[in-house]
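Okay, everyone, thanks for coming.

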Amino acid sequence: MGTDKEAKPSTYMKSDIGPDFLIRRCTLEDLEGVIEVNERELPEDYPFFFYKSILDNFPESFIVACKKDNPKKIIGYIMWRIEKVPSLNNLKLINKAHLVSIAVSEDNRRKGVSTALLNESMPAVLKEDISEYVLEVRVSNYPAINLYKKFNYKVHSIKKKYYRDGENAYFMIKKVKNI
Ligand SMILES: CC(C)(COP(=O)(O)OP(=O)(O)OC[C@H]1O[C@@H](n2cnc3c(N)ncnc32)[C@H](O)[C@@H]1OP(=O)(O)O)[C@@H](O)C(=O)NCCC(=O)NCCS
């Protein structure tokens, strides 16, 4: 029988994230840790049921990061949802992958954790036959904008006063196919 501290190897993913970290699919037990990271690192909070519904509906792309020596403590997460929207050209419904949230605790940043979270989750949402990846980011959030540009996301437009405090958002898109 395994101990609490033992990692289940099959649940871990192989993204190259250095020797100290592990990433894996989020579980119900992880949600408290995810919420803790979110509340510490981002001004946008969500109720528990919101996280739970993302986990229930899009489990393959809800991924968490932890340290190898403390695999139960969540230090980063990413979550996506798939949205069905009418295409501009022919009004058929198409799928978009919307990045709901990503955050890494401050003391673990600049170590490639977000890069690994994106590397693992983007192929997972791609399985949903999406036309594009989309996200919003505060216009002042230089680290995140840089991260997304590194993954070839482009600024598509500005959403005025998108955030509750009145800050504008860049709406960024990475196209998967032309529609
Ligand atoms: C943005 C954030 C998720 C990046 O996480 P991270 O694990 O530190 O990112 P990585 O180490 O994988 O960095 C990947 C790339 O992102 C960019 N980047 C990350 N932090 C940066 C910083 N402080 N300044 C400039 N660029 C930065 C760089 O291009 C970096 O590549 P490089 O290290 O080769 O230069 C993290 O800073 C964070 O959690 N911020 C608070 C929450 C947040 O803003 N979430 C995004 C909301 S839209």
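I'll go through confidence, then the sheet, then the ligand, and finish with a few single residues.

First, the ground rules. What we have here is a predicted model, in which local features need pLDDT of at least 70 and side-chain atom pairs count only at pLDDT 80 or more, while totals for chains, interfaces and linings use all residues. Residues are numbered from 1 along each chain as its sequence is written.

So how does the confidence look? pLDDT is the predictor's confidence in each residue, from 0 to 100. The chain averages 91, and 91% of the residues score at least 70. Residues 1–10 are another story: their pLDDT is below 50, and beyond near neighbours in sequence this stretch has 5 contacts in the model. By contact I mean two residues whose C-beta atoms, placed from the backbone, lie within 7 Å. Where pLDDT is low, the predicted coordinates should not be read in detail.

Now the sheet. When I say helix or strand, I mean DSSP runs numbered from the N terminus: H or I over at least four residues for helices, E over at least two for strands. Strands count as paired if DSSP finds at least two bridges between them. With that, 7 strands make an open sheet with mixed pairing, and the order is β1-β2-β3-β4-β5-β7-β6. β1 (21–25) and β6 (154–159) sit at the edges with a single partner strand each, so one side of each has no neighbour in the sheet. On average, neighbouring strands are turned by 25 degrees against each other, direction ignored. Angles like that come from axes, which are lines fitted to C-alpha atoms, for helices over the stretch in contact; they run from 0 to 180 degrees between N-to-C directions.

What packs on this sheet? Helix α4 does, touching β5 (130–138) and β7 (169–175), and its direction makes about 160 degrees with that of β5.

Two pairings to look at. β2 (residues 63–67) and β3 (residues 70–86) are antiparallel, with 5 bridges, and Cys66 has Ile74 in β3 as its bridge partner. Over at the other end, β6 and β7 also run antiparallel, joined by 5 bridges. There, Ile158 is bridged to Tyr170 in β7.

Is β6 mostly buried or in the open? Of its 6 residues, the number buried is 0, so β6 lies largely in the open. The cut-offs here: a residue is buried if 20 or more other C-beta atoms, placed from the backbone, lie within 10 Å of its own, exposed if 12 or fewer, and partly exposed in between.

On to the ligand. There are 20 residues around it, and the closest are Arg109, Ser114, Thr115, Pro143 and Leu147. To be near it, a residue needs its C-beta atom, placed from the backbone, within 6 Å. Which elements supply at least two residues of that shell? β4 (93–104), α3 (113–126) and α4 (142–150) each do, and α4 gives the largest share with 6 residues. By type, the shell has 10 nonpolar, 5 polar and 5 charged residues. Nonpolar here covers Ala, Val, Leu, Ile, Met, Phe, Trp, Tyr, Cys and Pro; charged is Asp, Glu, Lys and Arg; the others, Gly among them, are polar.

Last, some single residues. Asn38 is in helix α1 (residues 31–41), and it is buried, with 20 other C-beta atoms within 10 Å. Leaving out residues up to four places away in sequence, Asn38 touches Asp45, Ser101 and Ala103.

Lys174, in strand β7, is partly exposed, with 18 other C-beta atoms within 10 Å.

Asp129 isn't a glycine, but it has a positive phi of about 55 degrees. Asp129 sits in the loop between α3 and β5 and counts as exposed, with 11 C-beta neighbours inside 10 Å. Lys161, also not a glycine, has a positive phi near 50 degrees. Lys161 is in the loop between β6 and β7 and is exposed too, with 10 other C-beta atoms within 10 Å.

That's my tour; over to you.
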